[in-house]
Amino acid sequence: KKFIVVRAPTGSGKSALCTTISNYFSSLDKSSYLLCSRKFLQEQYMGDFYETYSNFWGKANYTCPLISASCSGCLADTATTPKGYMLFLRNNCTIQKIGDKCPYIQARKLASQADCSLLNIEAFLANSLQKLWSPREVLMIDEAHCLIDRAVAFFTVPLNDSWGNIPKVFREPSLSPKRFKTPCSTGKDYIAKLLIEYKGKEEEL
């Protein structure tokens, strides 16, 4: 792998450089991702280089035909299990293939199949967890200095005081996570042990 950082002032042609790289790899039958930190950057790329990229917005930018409102309020997301989620899509958002009535899912499908895909950091992270973005030869990040903060914010899980005293049933040895030799006395203890277990596995994750 090679990592290249380009630092240049606004208006110096970084967007044109990214697009040139995408077009170059596309000419070799290879694909690329371009991630943006802000919506207006995506709009800028699509305004100037719409012939190159297949754009994919976040859910809030698509309208759900079921509720006539933003897809960020998707009823399928209220399902408590992956099976329930797929069942909702099959019963409400499908004509022939799962989710083919959903504008968000269709836009995601087009972007995942395109040679050059343009999307925001959160959309990339969210769908990477489901392995919907296959590995590509090139990944470019516009305003990469924002990446760490955006990734941390995306994966942050707020905890309240109730995590200090989890129910007794979870402290029973038989129900404690099998990966640990001793039961977890609190939710914080459980998280601490997870962090220790996964320390040093950044590349794998």
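Strands S1 and S6 pair in the parallel sense, with 4 bridges between them. Everything described here comes from a predicted model.

S1 has another partner too: 5 bridges join S1 to strand S5, residues 116-120, and these two strands also run parallel. Leu-34 takes part here as well, with Leu-118 as its bridge partner in S5.

How many of the residues of S1 are buried? The count is 5 of the 5, so S1 is largely enclosed by the rest of the structure. Both faces of the strand are covered, with Ser-32, Leu-34 and Cys-36 buried on one side and Tyr-33 and Leu-35 buried on the other.

**The wider fold**

Stepping back, the protein has 7 helices and 6 strands. Along the sequence they follow the pattern α-β-α-β-β-β-α-α-β-α-β-α-α. Of the 205 residues, 30% are buried. Among contacts between residues at least 6 apart in sequence, 55% join residues at least 24 apart.

The largest nonpolar core holds 23 residues, and the members that touch the most others are Phe-56, Tyr-62, Tyr-104, Leu-119, Phe-124 and Trp-133. Strand S1 (32-36), helix H4 (103-113) and helix H5 (121-128) each supply at least two residues of this core. A second, separate core has 10 residues, including Leu-34, Leu-41, Tyr-45 and Leu-118.

Helix H5 buries Ile-121, Ala-123, Phe-124, Leu-125 and Asn-127. The cover over these residues includes S1, strand S2 (54-56), H4, S5 and helix H6 (147-155).

**Gln-42, a buried polar side chain**

Gln-42 sits in helix H2, residues 39-48. Is Gln-42 buried or exposed? Gln-42 is buried, with a relative accessible area of 1%. Beyond residues up to four places away in sequence, Gln-42 touches Cys-36, Asn-55, Phe-56, Trp-57, Leu-118, Leu-119 and Asn-120. Gln-42 and Asn-120 are 78 residues apart in sequence, yet their C-alpha atoms are 7.6 Å apart in space.

**Arg-136, a buried charge**

Arg-136 is found in the loop between H5 and strand S6 (138-141). Arg-136 is buried yet has no salt bridge, and the nearest side chain of opposite charge, Glu-137, is 6.9 Å away. What the Arg-136 side chain does reach is backbone oxygen, at Ser-32 and at Ala-111. Apart from residues up to four places away in sequence, Arg-136 touches Ser-31, Ser-32, Tyr-33, Ala-111, Ser-112, Gln-113, Ala-114, Asp-115, Cys-116 and Ser-117.

| Side chain | Backbone atom reached | Distance |
|---|---|---|
| Arg-136, polar atom | Ser-32 oxygen | 2.8 Å |
| Arg-136 | Ala-111 oxygen | 3.3 Å |
| Asn-120, oxygen | Glu-122 nitrogen | within 3.2 Å |

How values were computed: Residues numbered from 1 in each chain as written. Predicted model: local features only at pLDDT ≥ 70, side-chain atom pairs only at ≥ 80, totals over all residues. Heavy atoms only, no water. Core = buried A, V, L, I, M, F, W, Y, C linked by side-chain atoms within 4.5 Å. Buried < 20%, exposed > 50% of the residue type's maximum accessible area, 1.4 Å probe, protein only. Lys, Arg positive; Asp, Glu negative; His and termini not counted. Salt bridge = Lys/Arg side-chain N within 4 Å of Asp/Glu carboxyl O. Polar contact = N/O pair within 3.5 Å; in protein donor to acceptor, adjacent residues only side chain to side chain. Contact = heavy atoms within 4.5 Å. Pairing = 2+ DSSP bridges.
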